[in-house]
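Subject: Structure handover and notes

Dear colleague,

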Amino acid sequence: MLPVKLPFMEVECCRSYVDDLYSGNMEKCMEAIVCLKNSVIGSNRQKSSVLSQGIVPRLMQLLGDCSVPVDMKTEATVTLGSIAKGTSQHIQSLIDLGIVPLLLNGITSNDQKYTEATLRCLNTIFQCPNAPVSLIFMDSIIVPCLLNLTTQSVTCQVCVPSILAAACKTTEQQTFLISEGAVPVLAQLLCSPQALVQMNALTCLSSLCYQNPTVAACVAQARCLEIQEPCFVDKSMPDLLFMLMAQDRPSEMQLAAARCVTFLHRAGAFSADDPKILYRTLPCLVRLCKKDRPPLQRALAAETLAYLTEVDIELQRTASISNHLVPTLSQFLKYQPQIDSNFSATTVEQEIKISTEMRQAAFRAFASLGANDEDIRKKIIETDNLMEHIVSGLQDPSPRVRLAAIRCLHSLSRSVQQLRTTFQRSFCSKDHSVWRPLMQLLQGASDDILTVASSTLCNLLLEFSPSKEPILESGAVDLLCGLTRRKDPALRLNGIWALMNMAFQAEQKIKSQILNTLGTDQMFRLLSDTEVDVLMKTLGLLRNLLSTKSHIDYIMNLHGNQIMQAVVLILEGNHSAEVKEQALCILANIGDGDSAKEFIMSNEDVLKKLQDYMAHSNVKLQVAAIFCISNLVWREESGAIERQARLKEMGVYKQLQQLIMTTDTLLFDKVKTAMTQFSEA
């Protein structure tokens, strides 16, 4: 008769072997560990039971005891590794119990089976986002030990690069791994006959190169000199990567190699016009977005393509006409989770994740492709129901989808043509209006979403945009004024920039609302901002507020003294010519008012400053100052004769006579216009 195998009993019903775990008899203890290991394999319920009964600390105690035989430590580590392969809560429980330092001690063992068990367990735990991965850098012997282990076995070659990839998060860590010889080790692993070893080596190499020009340059110059396989001998690391990108390789390997080359390019190792980027890497990523690939692979390929093309217009143009990319990406947005009533909760969760990844990847790719070129934006925005998908994306439960959707909207909103056509239709639509979810996003959003959303709002608040009125009605002024008080310079800039756009050719009530909400105290703070861009946009806001005669007089009547004080502050400060030019243009706008002119004419200090800038070595400052003089003496306006006489008495007209000999065309025109007003008065 064949022996009948009895199923392992649940932990709660098998106290005998649990008790034996604490026995001083090593043989009994070993049997209990093996029994426990077999009981938790494939059963999340059993794993939870083991954790809840407090058995894990006993296993950890055995690992830390020098007198415990190494084979027992191996079985205990395998058991812990099995528990780690359960749910994210199981891994977190192990982390909270402090298992990682114990495991790191185990990698220095001379016993290969114990070392491999330790590496497998570490590798599983390190895939958890909350794992204390930086601990491998706390002891200087750990990283060299890990790198040396790659010569021991395939298991080590699989686990070590995966562990290092998970741990490599900062510039300092990247540099340290390079200094310890990680590049030649990874070169060896890339030449392994084992696909999983190659994949993990590629992932580790990507982590090393990401946004690190120094490391990227080191990798690009590395050569494979000690490789036994003939096809890899004396190849450069980039050549090796391009070989792994070939179409006869598994598609997941092509993608991993393309990601690595993408990171090398973005870190400066390759130029955008390098044929290996333009004709190998980009087409590879476009091809991997096609429908015949697994969904998550397609999403990662599109996300990588977005990063590759993000900052280079030629790559964007090439990608947009490659292999029907735009229609391919549009299909990502239509992906529907394949959910059946018989599916487990885990399967349903995985399907929803796939849909989420597909949508955010499409939005990110569209954002990169449409960043600069008007024709590409038009092609993207003509995609079926794109605005509906964007509106839906702005309200998606996933923060990653929301951020990607707002990046896409931001990219498309750079188009003047689209703001006047497609966006207008969208804003007029009751069902698919973009501004409503956008304004909702701005309420209590994280800083990364808030930065992009507020920048998008800047574009949508341009004078010709149909979105200005509904956005204003939804409390935008309060929100934007609040942004100008944030610590993050990008948020302050977006806040004041949007207010500047809002004030452009706006009604008087809108301008008054902006000034009253912002307050003159905050205006002064922004004019003293250490960020030049914030200062320039604040001056731009003042220029836009002080436009149209009736508006200029109204605002100066309420805030004239503070505004004049602000302008003088800029003119007397240690600022660039561009900044001072803006201040002079504000004076010119004030000089265009009716009653507002007196704020300049009654201020002898300001008049003398105008004379000084008329004689400045910078032509732009001369032009701005003379433009202000022209507005002050314009002959058709009331009181012009008196103002002309006053300025002639100060010597302004003589200065103009001297400047008429200038060879600068623009300056000559401004001087001639001003003198004409004087001579005909």
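What follows is a description of some helix contacts, a pocket and a cavity.

Please bear in mind that this is a predicted model, in which local features need pLDDT of at least 70 and side-chain atom pairs count only at pLDDT 80 or more, while totals for chains, interfaces and linings use all residues. Residues are numbered from 1 along each chain as its sequence is written, and side-chain values use heavy atoms, with hydrogens and water left out.

Helices

The helices named below are DSSP runs of H or I with at least four residues, numbered from the N terminus (strands would be runs of E with at least two). The axes of α34 (residues 532-545) and α35 (residues 549-572) come within 10 Å and cross at roughly 150°, where an axis is a line fitted to C-alpha atoms, for helices over the stretch in contact, and angles between N-to-C directions run from 0 to 180 degrees. That angle makes α34 roughly antiparallel to α35, since angles over 145 degrees count as roughly antiparallel, under 35 as roughly parallel, 65 to 115 as roughly perpendicular and the rest as oblique. The crossing of α34 and α35 is left-handed, a term used if the near helix is turned anticlockwise from the far one by less than a right angle, with clockwise giving right-handed. In this pair, L535, L539, L542 and L545 of α34 meet H551, I555, I563 and I570 of α35, contact being heavy atoms within 4.5 Å. By class, the contact of α34 with α35 has seven nonpolar residues, one polar and no charged ones, where Ala, Val, Leu, Ile, Met, Phe, Trp, Tyr, Cys and Pro count as nonpolar, Asp, Glu, Lys and Arg as charged, and the others, Gly among them, as polar.

The axes of α35 and α36 (residues 577-591) also come within 10 Å and cross at roughly 150°, so α35 is roughly antiparallel to α36. Residues in this contact include I552, M556 and I563 of α35 together with V579, K580 and A583 of α36, and by class the contact has 13 nonpolar, one polar and one charged residues.

Further along, α36 packs against α38 (residues 604-614) at an angle of about 125°, with the axes 12 Å apart, which means that α36 is oblique to α38. Here K580, L584 and L587 of α36 make the contact with V606, L610 and Y613 of α38.

Pocket and cavity

On a 1 Å grid over the protein atoms alone, a cavity is a set of points where a 1.4 Å probe fits but cannot get out, a pocket is an open set with protein on both sides within 12 Å along at least five of seven lines, and lining residues have an atom within 4 Å of a point. Grid points are joined across faces, edges and corners, and a volume is the space filled by probe spheres set on the points.

The largest pocket holds about 1400 Å³ of space, and among its 45 lining residues Y210, R259, F263, L300 and E303 lie nearest its centre. Its lining has 20 nonpolar, 17 polar and eight charged residues.

The count comes to one cavity of 30 Å³ or more, and the largest cavity has a volume of about 60 Å³. Its lining includes L542, H559 and I563, and α35 gives the most to that lining, with four residues.

Best wishes
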